[in-house]
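Open the structure in your viewer and follow the stops below. Each one says what to select and what is there.

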Amino acid sequence: DIQMTQSPSTLSASVGDTITITCRASQSLSSWLAWYQQKPDKAPKLLMYKASDLASGVPSRFSGSGSGTEFTLTISSLQPEDFATYYCQEYNSHLRVTFGPGTKVDLK
Amino acid sequence: EVQLVESGGGLVQPGGSLRLSCEASGFTFSAHAMSWVRQAPGKGLEWVSAISARDESTDYADSVKGRFTISRDNSKNTLYLQMNSLRAEDTAIYYCARDLYAGNENDCFDSWGQGTLITVSS
């Protein structure tokens with residue numbers, strides 16, 4: 001099974017900051033990597049797919065990069081609504097997926 | 001508008017059974033693989049199970065294999081999760097989720113239900 005790690009586990013930031021979250025996989029994913037945002041008591045929301053493609057309706061301050069085993073999610077000019085938990089997800093296998101442990105972005 | 005609405009959650013005793021349903025609307029249900037994802041209180045997301053669009057293939061997380069069964073009725077636009085031999089560690093919010101692209105069987109999830117809470121406790 002593919003193992004996913006994320007760093008940091010918690011990130012404290014201020015409105016207007018640019019932040020980066022890193023996701024690593026235990027084996028190559030090519031570009032089969034997605035990012036989700038989850039707010040308390042809400043379902044996750046797809047932000048990025050295929051490592052760097054922006055999902056429909058997602059602001060352009062979100063960007064993704066990487067391939068193989070290392071990926072990043074960058075949020076430029078952090079907005080108040082961006083404080084949330086972010087998960088990466090690999091989808092390299094038939095039907096089966098694995099989520100990263102999550103990164104909580106909170107207010108400094 | 002794509003909608004996924006889960007139902008069937010509740011309190012169940014350890015060893016008990018429960019069946020979750022996820023009613024889909026706003027898209028061609030029979031064209032998309034579907035998954036169940038759960039989230040224990042205060043924890044991260046855990047993929048539970050997935051089923052291909054035409055019901056030919058299924059897969060399960062090791063933690064539920066042999067106890068949970070995923071199925072779908074494309075004529076009713078409904079996804080199911082039959083959960084048997086429930087344990088305290090199965091306590092979680094259970095979400096159904098739709099694959100981004102029709103016809104794909106390795107994909108991310110672009111639509112999620114609101115979730116249904118399962119509590120396993122005596």
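**Stop 1: across the interface**

Show chain A and chain B together. Nine residue pairs, both at pLDDT 80 or more, are in polar contact across their interface (N or O atoms within 3.5 Å, one able to donate a hydrogen and the other to accept it; residues adjacent in sequence count only if both atoms are side-chain atoms). Now select strands E4 (33–38), E5 (45–49) and E9 (85–90) of chain A. Each supplies at least two residues of the side of chain A that touches chain B (strands are DSSP runs of at least two residues, numbered from the N terminus). E4(A) gives the most, with three residues.

This is a predicted model: local features need pLDDT of at least 70, side-chain atom pairs count only at pLDDT 80 or more, and totals for chains, interfaces and linings use all residues. Residues are numbered from 1 along each chain as its sequence is written, chains are lettered from A and ligands numbered from 1 in the order written, and side-chain values use heavy atoms, without hydrogens and water.

**Stop 2: the salt bridge**

Select Arg96(A) and Asp59(B). They form a salt bridge, with the closest N and O atoms 2.9 Å apart (the cut-off is 4 Å, from a side-chain nitrogen of Lys or Arg to a carboxyl oxygen of Asp or Glu). The count between chain A and chain B is one.

**Stop 3: the contact**

How many residues does each chain bring to the contact? Chain A brings 20 and chain B 29 (heavy atoms within 4.5 Å).

**Stop 4: Tyr94(B)**

Select Tyr94(B). Among the residues it touches are Trp36(B), Phe68(B) and Met83(B).

How values were computed. Helices (H or I, at least four residues) and strands (E, at least two) are DSSP runs, numbered from the N terminus. Lists of a residue's contacts leave out its neighbours within four places in sequence.
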